[in-house]
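Here's a quick walk through one model, with an eye on its ligand site and one of its pockets. Have a look at the sequence and coordinates before reading on.

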Amino acid sequence: MIIIPKVRGFVCVTAHPEGCAAHVQQWIDHVKAGGPIKAGPKKVLVIGASTGYGLASRITAAFGSGAATLGIFFERPSEEGRSATPGWYNTIGFTRLAHAAGLFAKNLNGDAFSADIKQRALGLIRADLGQVDLVVYSLASPRRIHPKTGAIHKSVLKPIGASYTNKTVDTDKGVVSDVTIEPASEQEVADTIAVMGGEDWEMWMNALAEAKLLAPGAQSVAYSYIGPEVTWAIYKNGTIGLAKNDLERAGKNIDSLLKLNGGGRAFISVNKALVTQASSAIPVVPLYISILYKLMKAAGTHEGCIEQIQRLFATQMYNGHAPKFDAAGRARVDDWEMRPEIQAAVREIWPAVTTENLAEKTDIAGYRSEFLKLFGFGLPGINYEADSEPHIPML
Ligand code: NAD
């Protein structure tokens, strides 16, 4: 089957198996070029391991410090006439390369929020790894079936209290317009916290601790975002921001748990705004990312997921370093994004962007090519006109 991009709004409904594998190879090459991460993780559980920051964490652990990894994710396999989701192909690409390098890598595809997947993960860890010394929690999900109540919670990206109007870009059509988002109801706030907050991270860590599957000194990290004022109504002060506050609350409880387990720790790392499947669904943010990419590329400070996580591991978590926590106890790898001169330039460009000058004032071209890369398109060395086999079983 010849697989071409089919973009529908902020998703691409096709993915290219060889392209996704080439993307994974690029990330592995980046980590290898950074050199070994001394005293790095050795046995790692990554929850949300197939795309974005979670995949970058898995690759950094495996190819930076030779870690055995168990990856958990929720991806759709191929169907008749339809390719699988990119995380499916990314994981196959990663697992093949990890195995070729002599590294242990196993995968569990299913709902990480469920009790069943947790039990299966515990069983695999017990049988294959004994214990884990790092747990990365990197889920981004639109819904959660609560494992105890059976309730279905759906997360929303809305402001709190009052409606919010700002500029946004249709990244597919290149049209800049105003968008107004009505405030979330109390139920929507609670639902978003249930999906993207910290309860599930705590459930994972408590289950691992009770089963004695955490190595002494084990660490756990989850990812968050803060960003500049122009996005606060929709992000930091919106429903997702409240969920992230709850993730921080959970992080403190988990930190206490891990401290008692041989002096380990849990913390939040605040990462840079990047093009991922999760971020492309947020109104306003893709326009901000397009401006940010232009400025950070010009400043020579642009990073993608793999650069961010390689930097986090190599300069804050391992290699003889400790996290440089901010006043709220969070690690920050959004530091280059938040530099005053970058943010001052964003504030200057933001009001001036229009549909007509989008290409000149922002890196919309870079945004689009990064977006397509998430689905395995636009990678060098891939013949996109050749037949590709979409039906590949999970390893
Ligand atoms: P992503 O969409 O690329 O990855 C999400 C991962 O979660 C995938 O592996 C997916 O399979 C998995 N997943 C989703 N639902 C699942 C379920 N029910 N069971 C098992 N796996 C499931 O997202 P991302 O942007 O890498 O986000 C990861 C984390 O990083 C999130 O907490 C996000 O808020 C945070 N973050 C993202 C950005 C950004 O700009 N993208 C910035 C800072 C922090």
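Which element gives the most to the lining of the second largest pocket? That would be H1, with four residues.

## Ground rules

This is a predicted model, where local features need pLDDT of at least 70, side-chain atom pairs count only at pLDDT 80 or more, and totals for chains, interfaces and linings use all residues. Residues are numbered from 1 along each chain as its sequence is written, and side-chain values use heavy atoms, with hydrogens and water left out.

## The second largest pocket

The volume here is about 230 Å³. A pocket, on a 1 Å grid over the protein atoms alone, is an open set of points where a 1.4 Å probe fits, with protein on both sides within 12 Å along at least five of seven lines; lining residues have an atom within 4 Å of a point. The volume is the space filled by probe spheres set on the points, which are joined across faces, edges and corners.

There are 15 lining residues, and Trp27, Gly304, Glu307, Glu370 and Lys373 are the closest to the centre of this pocket. Helices H1 (17–33), H9 (305–317) and H12 (364–374) each give two or more residues to the lining; helices are DSSP runs of H or I with at least four residues, strands are E runs of at least two, and both are numbered from the N terminus. By class, the lining splits into seven nonpolar, five polar and three charged residues.

## A closer look at H12

Lys373 also turns up among the buried residues of H12, along with Ile364, Gly366, Tyr367, Phe371 and Leu374. Buried here means under 20% relative accessible area (1.4 Å probe, protein chains only). After H12 comes Gly376, with a positive phi near 85°.

## Around the ligand

What surrounds the ligand? A shell of 29 residues does, with Ser50, Tyr53, Ala112, Lys244 and Thr276 the closest; to count, a residue needs a heavy atom within 4 Å. The shell has 14 nonpolar, eleven polar and four charged members.

The protein covers 93% of the 840 Å² of accessible area that the ligand has on its own, by the Shrake-Rupley method with a 1.4 Å probe.

Methods:
Nonpolar A, V, L, I, M, F, W, Y, C, P; charged D, E, K, R; others polar. Buried < 20%, exposed > 50% of the residue type's maximum accessible area, 1.4 Å probe, protein only.
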